[in-house]
Amino acid sequence: RQTVASVPDGPEPELWVDEFGAPDVAVDADGDAVVTWVQEGVNKIIAKARARTRGGALRPTQVISSNTEGAEAANARVDMGASSGAVFAWEQTTATVVSKIQTRTRSATGALGQVRTLSGAEATLPQLAVDDDGDAVFAWQRKGPAVIQVEARARAAAGPLGPVQLL
């Protein structure tokens, strides 16, 4: 973590610049929104999400990443199609795997889909886009044999994953 603080003549408050990524938000055509972020817990770092209706009502906070001890999520991202459903992507590190990209869906009613792994190890900085039908395309960086490379993968709204493609 990095901290930045400077207040003359008084106690110095701390502003945290979080190494796990900034919050991300998506809004559908009706004005419903979903926010995702990464938060530290006891012996774990988890990705969370919370929905807000166009009328301003907040839905319960949900854990979208692994919630097991030692798990570390980072760089959580979200996008939405027309149906108020959301698709998430984030980096997930465990005791045995260094930063793989994972995804999960959230229906308009708040039901979470299963966690699915999109990439191999040493993948970072996920991005995604979702069309109005709920089809998604993901992209990320991954450490290659000699250089950092960019990979992508598609997921149909019905769930099937396409192959990983080197861009």
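Select A73 and Q92: A73 stands opposite Q92 in β8. Keep in mind that this model is predicted. Now show the whole of β7 (72-80) and β8 (86-93). The two strands, β7 and β8, are antiparallel and pair over 7 bridges. Follow the chain through the hairpin they form, where 5 residues lie between the strands. Stop in that turn at S84, which has a positive phi of about 70°.

Next, go to the other partner of this strand. Select E91, which stands opposite I101 in β9. Between β8 and β9 there are 7 bridges, again in the antiparallel sense. These strands also form a hairpin, with 6 residues between them. In its turn, select S99, whose phi is positive at about 35°.

Colour β8 by burial. How many of its residues are buried? The count is 7 of 8, and the strand is mostly covered.

Now select V34, A47, I64, V78, A86, F88 and W90. In the largest nonpolar core, which has 15 residues, these touch the most other members. Elements giving two or more residues to this core are β4 (33-41), β5 (44-52), β7 and β8. Then move to I101, L118, A123 and L128, which are among the 10 residues of a second, separate core.

Last, look at the largest pocket, with about 160 Å³ of space. Select S83, G85, V87, G134 and R155, which lie nearest its centre among the 15 lining residues. β8 and β9 (100-106) each give two or more residues to this lining. What kinds of residues make up the lining? It divides into 5 nonpolar, 6 polar and 4 charged residues.

Key: Residues numbered from 1 in each chain as written. Predicted model: local features only at pLDDT ≥ 70, side-chain atom pairs only at ≥ 80, totals over all residues. Heavy atoms only, no water. 1 Å grid on protein atoms, 1.4 Å probe; cavity = no way out; pocket = protein on both sides within 12 Å on 5 of 7 lines; lining within 4 Å. Points joined across faces, edges and corners; volume = space filled by probe spheres on them. Helix = DSSP H or I, 4+ residues; strand = E, 2+ residues; numbered from the N terminus. Nonpolar A, V, L, I, M, F, W, Y, C, P; charged D, E, K, R; others polar. Core = buried A, V, L, I, M, F, W, Y, C linked by side-chain atoms within 4.5 Å. Buried < 20%, exposed > 50% of the residue type's maximum accessible area, 1.4 Å probe, protein only. Pairing = 2+ DSSP bridges.
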